[in-house]
Amino acid sequence: QVQLVESGGGLVQAGDSLRLSCTTSGRAFSRSTMGWFRQAPGKEREFVASISWSALNSHYAQSVKGRFTVSRDNAKSTMYLQMNNLKPEDTAVYYCAAVEIRYSDYVFLMEDQYDYWGQGTQVTVSS
């Protein structure tokens, strides 16, 4: 069974840090580009970051650039999102996702480019 499971969310104050994890199983996602998306209340889901399978390439939304870092440990089948200097506007449910194709060092920014999704983890940043 293919699974992507996010963890590490929580309630923090503005300026704090959190590290999200996305643990995968059931398929060799370590060979696929993966991404993070988020959905704030009343808003559409939006792209946050993407990292290619080898970690050669990564890309960030302008709103998080310089504060968030995406990484992965393929030996552990896990992707991470280090979030620093969190702001109230970062409050959202964060989702990890993976693409079907393997061994591509492209990054993908669009929701419909991803084939597998986790259930999400809530991040709440208070002011």
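The protein exposes about 6,400 Å², and carbon and sulfur atoms supply 46% of that area (accessible areas come from the Shrake-Rupley method with a 1.4 Å probe, and for residues only the protein chains shown count as cover). The model is a predicted one, in which local features need pLDDT of at least 70 and side-chain atom pairs count only at pLDDT 80 or more, while totals for chains, interfaces and linings use all residues. Residues are numbered from 1 along each chain as its sequence is written, and side-chain values use heavy atoms, with hydrogens and water left out.

On secondary structure, the tally is simple: eleven strands and zero helices (both are DSSP runs numbered from the N terminus, with helices being H or I of at least four residues and strands E of at least two). The radius of gyration is 13 Å, close to the 14 Å from the globule rule for 127 residues, so the protein is as compact as a globular protein of that length (the radius is taken over C-alpha atoms, and the rule is 2.2 Å times the number of residues to the power 0.38). Along its principal axes, the C-alpha trace spans about 40 × 30 × 25 Å. Of the contacts with a separation of 6 or more, 60% come from residues 24 or more positions apart (contact means heavy atoms within 4.5 Å).

As for the inside, 43% of the 127 residues count as buried (buried is under 20% relative accessible area, exposed is over 50%, and partly exposed is in between, with a 1.4 Å probe and protein chains only). The largest nonpolar core holds 33 residues, of which Trp36, Leu81, Met83 and Tyr94 touch the most other members (such a core is a set of buried Ala, Val, Leu, Ile, Met, Phe, Trp, Tyr and Cys residues joined through side-chain atoms within 4.5 Å). Elements giving two or more residues to this core include β3 (18-25), β4 (34-39), β8 (78-83) and β9 (92-98). β9 gives the most, with five residues. Leaving out residues up to four places away in sequence, Leu81 touches a list that includes Leu18, Leu20, Trp36, Val48, Phe68, Val70 and Tyr94.

Ser21 sits in strand β3 and is buried, at 13% relative accessible area. Beyond its neighbours within four places in sequence, Ser21 is in contact with Val5, Glu6, Ser7, Trp36, Thr78, Met79 and Tyr80.

The loops come next. Ala14 is found between β2 (10-13) and β3, and is partly exposed at 40% relative accessible area. Although 111 residues separate Ala14 from Val125 in sequence, their C-alpha atoms are 5.8 Å apart. Neighbours within four places aside, Ala14 is in contact with Leu86, Pro88, Val125, Ser126 and Ser127.

The loop between β5 and β6 (58-60) holds Ser54, which is partly exposed with a relative accessible area of 32%. Ala55 is partly exposed, at 40%. Asn85, in the loop between β8 and β9, likewise has a positive phi, near 50 degrees, without being a glycine; at 41% relative accessibility, Asn85 is partly exposed.
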